[in-house]
Each structure stands twice: as C-alpha cells, then as structure tokens.
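Try each one before reading its solution.

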Amino acid sequence: MKDLSGAAEILFSSRALVVLTGAGISAESGVPTFRGAEGYWRNYRPEDLATPEAFSRDPALVWEWYSMRREALSRVKPNPGHLAIAEMEDLVEDFTLITQNVDGLHHLGGSRKVLELHGNIWRVRCTVCGMREMRKEPFETLPPHCGCGGLLRPDVVWFGEMLPQEVLEEAYDALGRCEAILVVGTSGIVQPAASFPFIAKGKGARVVEVNPEETTITSVADVSIRERAGKALPAIVRIWKENIA
Ligand code: BV8
Ligand code: ZN
C-alpha cells in the first residue's frame, strides 16, 4: 500500500519524531473509545462524570465509573499497535510519545518514556494532602479515603482542569523540535492535544495520521492511513526496518 511506504519514509527520514495517541490505539485491546458507537460516553455524558463538579457533587458515582473502567482494564493487554510504537522508540534518536490515554497500556507495551497528558487511571491523588500513589488493587469501599482522612480522586485530568504543567511543557518542546508527528487513534476534538498536529505542521514538520476514519487532523496530514493501528503500525515499522537494514 503506497501510503504505508510514504508514511514509513516520512518517519524514518526524521531525526526527531513525536507520536500522539488517543483512545483508538487501545481499541484493539478491547478498551472502548470515548466517542465511538460503543464509546464510554455513550452511556454517560462527559460533563456528568469526567469533571471536578461531578466529583464534588457525587464522588461515589464518579468512582463507580472509574472502578468499572479499572476493573475492565485489569483484564486487557497491549495490542500490536502499542508494541510497534515501543519499537519506534529505539529506531529514532529524538523520540517523544505523548498520549491522551489514561490506561497505562503504552508502558505495558514496552514504551519507556510516555508523556501522559491526561494522567493515569491507576494513580490516585488525595484531595486534602496531595499524596499521590499507584493503586492497582480494587478499593474495598467507594469513594476511597487517604490515611489523612481526605477523599481520594483518580489522578486524571477532567474537563475544565489544567493539564500537568511539566508534561505540557515537555510536549510543547518536543513539538517545537520534531520533523514529523505520527497521530494515531484520536478524533482530534479534545484540547489542547487536538492542536498539537497543527503546531507541529506550523513548525514545518510532516504529519502522518493512522485512523480508520477521517478526523479534524486529516486536513493537515501529509499521509492519512485509513487503517486500524494494530495493522498499519507494525507494517510501517517493518518497512522502516527494511530501509535501515
Ligand atoms: C483544559 C481523562 C484549560 C479522563 C480526558 C468548549 C466547551 C467546553 C470546554 C472546551 C471547549 N473547547 C475546549 C474546551 C476545553 C476541553 C475540551 O477540549 N473539550 C472538548 C470536548 C471540546 N478541554 C479541557 O477541559 C482540558 N483542559 O482545556 O484546560 C484550562 C484553561 C484555564 C483554566 C482551566 C482550564 C482537559 C481535557 C482532558 C479531559 N480528560 N480524559 C478520563 O479519561 O476519564 S479526555 C478523553 O478524551 C480521553 O483522555 C481521550 O483520550 C480524550 C480524547 O479523545 P480521543 O482519544 O480522541 O478518543 P475518541 O473516542 O474521541 O476518538 C477515538 C478515535 O480513534 C476515533 O477517531 C476513531 O476513529 C479512532 N479509532 C477507533 N479504532 C481505532 C482507531 N484508530 C486507530 N486504530 C483503531 N483500531
Ligand atoms: Zn491525604
């Protein structure tokens, strides 16, 4: 498929590469996306659950949604798309993976350096003392509390909340340096991540998109591959490796 070799050529001829992923990279692991037909939001409205207002109004309800997602995630594993991105990390000198996902599957798939824009569903944060820690085990009672007595919350970024400053700065630095950005499995709706491909393009980078559907990002893509990540990314890495062998 000529697009695949065109995409591979853009990636392997770049000295600095950014990869931006969204929920679509985890779809083939069985994790529902946010806005697809079977998406999370179909049953819930984002403003009902993924906001600080919802949490202060009904922390138990919000925790029920997160603990259901955590339970489902505890049974899934990374798919060939995650593994292919982990391989890319070793093929290019200056590599930065930025994910909007909170599922931790890139780490499990072997990616070492991951900028988690929206936090991590396995980490909790105390709303009183600020304690942060990974908690993979299910909680006995919901909502869970900290040793200090404070209410614990998922350490993720909700709508209307600021993204972690240091992560955002590192992402903008990488966007400023990159010669190519590979955008996988995002509908390009949620800000500020949705603006990243446009920033990279504006700095002269080339844009490769992998998504079975057209998105807001397709308009700036040099190559847009209408294919699932689990199929397209391993194929791109295979072509990439043949060209450097
Ligand atoms: C902020 C963590 C600034 C929680 C998430 C207008 C009105 C109201 C608000 C706004 C507005 N304009 C901008 C905003 C701000 C808002 C926003 O962008 N809203 C959107 C809805 C318009 N953004 C924010 O609030 C952000 N904060 O801006 O703060 C600020 C400034 C000053 C003061 C205060 C604040 C915070 C946003 C973070 C929200 N948290 N998640 C949790 O997960 O529980 S967002 C959530 O959506 C996930 O992180 C998810 O990753 C993310 C983005 O969705 P996608 O990843 O793109 O997933 P989606 O389902 O949409 O698409 C999947 C794609 O995959 C599809 O294209 C599909 O075709 C494709 N696909 C499917 N299968 C495959 C595939 N691709 C490849 N292979 C496959 N097999
Ligand atoms: Zn505490």
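**Exercise 1.** Which polar backbone atom is 2.8 Å from an oxygen atom of ligand 1?

*Solution.* Before starting, note that this is a predicted model, where local features need pLDDT of at least 70, side-chain atom pairs count only at pLDDT 80 or more, and totals for chains, interfaces and linings use all residues. Residues are numbered from 1 along each chain as its sequence is written, chains are lettered from A and ligands numbered from 1 in the order in which they are written, and side-chain values use heavy atoms, leaving out hydrogens and water.

Step 1: the atom belongs to Ala 23.
Step 2: turn to the nitrogen atoms of ligand 1; one is 2.8 Å from a polar backbone atom of Glu 161, and a backbone N or O atom of Ala 229 lies 3.0 Å from a nitrogen atom of the ligand.
Step 3: of the 1,500 Å² of accessible area (Shrake-Rupley method, 1.4 Å probe) that ligand 1 has on its own, the protein covers 73%.

**Exercise 2.** Find the protein donors of the zinc ion (ligand 2) and work out their arrangement.

*Solution.* Step 1: look for donors (N, O and S atoms within 2.8 Å of the metal, or 3.2 Å for Na, K and Ca). They are the SG atoms of Cys 126, Cys 129, Cys 146 and Cys 148, 2.3 Å from the zinc ion.
Step 1: check the angles. They run from 103 to 121°, so the arrangement is tetrahedral (four donors, all angles between 85 and 135 degrees).
Step 2: read the spacing along the chain, which is C-x2-C-x16-C-x1-C.

Note on methods. Four donors count as tetrahedral if all angles lie between 85 and 135 degrees; four count as square planar and six as octahedral if opposite donors are over 155 degrees apart and all others between 65 and 115; anything else is irregular. A polar contact is a pair of N or O atoms within 3.5 Å; within protein, one must be able to donate a hydrogen and the other to accept it, and residues adjacent in sequence count only if both atoms are side-chain atoms.
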